[in-house]
Amino acid sequence: MSGQQPKAVVSRGWRSTTAAACGWAAAVPLAAMMLLTVADVGLRAVLNRPLRGTLEIVELLLACTFFLALPALFLRDEHIVVDVVDGFVGGPGGRRVALLKRLAGMLGVLLMAVMAWQGWIAARDSLMFNDVTSDLSLPMIWYWIPVLAGMIGSVFAAAVMLFWKETPR
Amino acid sequence: MSVLAIGILGVVGLLVLIFARVPIAIALAASGLCGYAALDGWAKALKMFGSVPFNLASAYSLSVIPLFILMGAVASRANMARELFEASNAIFSGIRGALASATIGACAAFGSICGSSIATAAAFSKVSIPEMRRYGYDAGFAAGAVASAGTLGILIPPSVMLAVYSIVAEQSLARLFAAAMVPGIVLAVLYVITVTLVARLRPDLMPKAPSLSFAQRLRAARSLWKLALLFFLAVVGIYLGWFSPTEAAAVSAFAAIVIAFATRHMDWRGLADALLDTVYATARLFFIVVGAFVFARFIVLTQFPNEVARWVLATGVGPAWILLAVTALYVLLGTFLDEVSTILITVPVTLPLITGIGFDGVWFGIFVTVMCTIGLISPPTGMTVFVIQAQHPNIPVARIYLGTLPFLAADFVLVGLLIAVPQLVSWLPGLLKI
């Protein structure tokens, strides 16, 4: 018991550090998205010269914001869940609820793995056909990189949450 | 098995997964993927499953959501809630129930710079409840007033919920924002009337607070320039043709940060926290949107919504009964589903039904959002109630729910008004010619 407690604390620290790292990786593109759009609006208003390709870069930054933050959603266990069943199966701390959580976790790992697998195939096709955006001719694989990083990161994050048994402090 | 039967099975499967504690986003994606595969084969289903998240997460129209969330997160951290409360109190000061009415006025104003009810309730629960309790207000009523007033955040534009609806229902966001303005103001007025009525019937719940002097009122009202500027950038700028919704969201988020720094109400640490809060909230919301779009692809393939609409209309049931049934459905869903999931799961099915009886998609967007405000304060899972309880653990949840009851009545009055007078929704978009 006493030997497990430090491990749990370390794990919480590791989990929250990784989640914060994902959060920061997503926050930087969010700030960039805001600043870029403001610069575009400002230049258009003052000099009548909007920034070319803002829309495509905002789309890239949006993909970074969402997908790089996605593993943090798993690590912080912040999914929206309907828990009305808890009262009928022995309360939130009960074994049946734990079993339901475990099954939901397994489904999450499986689903994210399928999503990452299919994303990988689509990204590979995009790379093979040299897909580019219409305005700036940005390679579409640039968009796929954060998407795949988020998907694969989420598979690992979901697996960590599935196998990690929380020890009370 | 017929296509319709697979559709029904998919919906039942989704509900089973949701009630089995599967996260809503995963339940939507899993049932959508399996249903699509049952109809069109695994090869096409998997291809769809690989492309939907990518297409959605890099869709320019969605960038409005994190930027409006950021503006709200900054406003919440930059003391704007307290300033608005003081300014609102300057208006209502001297009458019985002034602090509760001031909370409602301030929440309505805060809703015009913050598109989230949770953020609005969280901000005002720290500011208003201690003040109301200091003057002897009943704890349950004070908390109920904040929980209910907080719901104005998703109705008064800019609203994150309306942005989500605009995507799922393919409606103009500018039109939805304009359409929500009058119902939002009407709901705020109904809440103030509710406070006045309760003050008459139960004066013991809210003792009279001392009146402010003219100088104090003037001083409190001075801080309203921040709200006026942010609202102008976030909403009015769209109708003046200066900005697209995404640009308006970016400019107003940036302005909120500049104001917060210039008035020394935020430091770099505060900005970092606001950015992190925003990306976590965005991930939570977008993941459900991804799941909902996978599910929607399956539902569209089944023609389930059209079949339901055709079946209901063929039964010859009058529009009033259909509206009553849809209202009952949303009241029921509001008791256990959050507002984003409610909109994403139901709108693809209910929208064809509602348009079939003569209402348009914009009207329905406002109607659904009002129904979501009811869900936010309905037991057992009223989200704004939980937010307040988390910050004031000494107020029992049951007392907060009791405190929201008079305001629930006001919500239903607004639902009735929307049905009886749909011009409440269509008047402003018509005036602005959008």
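Modeller: Let's start with a term: helices (H or I, at least four residues) and strands (E, at least two) are DSSP runs, numbered from the N terminus. This is a predicted model, where local features need pLDDT of at least 70 and side-chain atom pairs count only at pLDDT 80 or more, while totals for chains, interfaces and linings use all residues. Residues are numbered from 1 along each chain as its sequence is written, chains are lettered from A and ligands numbered from 1 in the order in which they are written, and side-chain values use heavy atoms, leaving out hydrogens and water.

Biologist: How many helices and strands does chain B have?

Modeller: Take a look at chain B, whose C-alpha trace spans about 75 × 45 × 45 Å along its principal axes. Its secondary structure comes to 22 helices and 0 strands.

Biologist: What is the radius of gyration of chain B?

Modeller: The radius is taken over C-alpha atoms, and the globule rule is 2.2 Å times the number of residues to the power 0.38. For 434 residues the rule gives 22 Å, and chain B comes close to that, so it is as compact as a globular protein of that length. The radius of gyration of chain B is 22 Å.

Biologist: What share of the residues of chain B count as buried?

Modeller: Buried means under 20% relative accessible area, exposed over 50%, and partly exposed in between (1.4 Å probe, protein chains only). Chain B has 434 residues, and the buried share is 61%.

Biologist: How much area is buried between chain B and chain A?

Modeller: In contact (heavy atoms within 4.5 Å) are 53 residues of chain B and 57 residues of chain A. Buried area is the accessible area (1.4 Å probe) that two parts lose on being put together, summed over both. Carbon and sulfur atoms give 82% of it, and the total is about 4800 Å².

Biologist: Which residue of chain A forms a salt bridge with B:Arg21?

Modeller: A salt bridge is a side-chain nitrogen of Lys or Arg within 4 Å of a carboxyl oxygen of Asp or Glu. The rule finds 3 of them across this interface. With closest N and O atoms 2.7 Å apart, the partner of B:Arg21 is A:Asp86.

Biologist: Which helix supplies the largest share of the side of chain B that touches chain A?

Modeller: Helices supplying at least two residues each to that side include α1 (3–19), α2 (24–40) and α15 (268–302) of chain B. The largest share, 13 residues, comes from α15(B).

Biologist: Is A:Ser154 buried or exposed?

Modeller: A:Ser154 is found in helix α4 (residues 140–163) of chain A. Leaving out residues up to four places away in sequence, it touches A:Leu70, A:Pro71, A:Phe74 and A:Met112. With a relative accessible area of 0%, A:Ser154 is buried.
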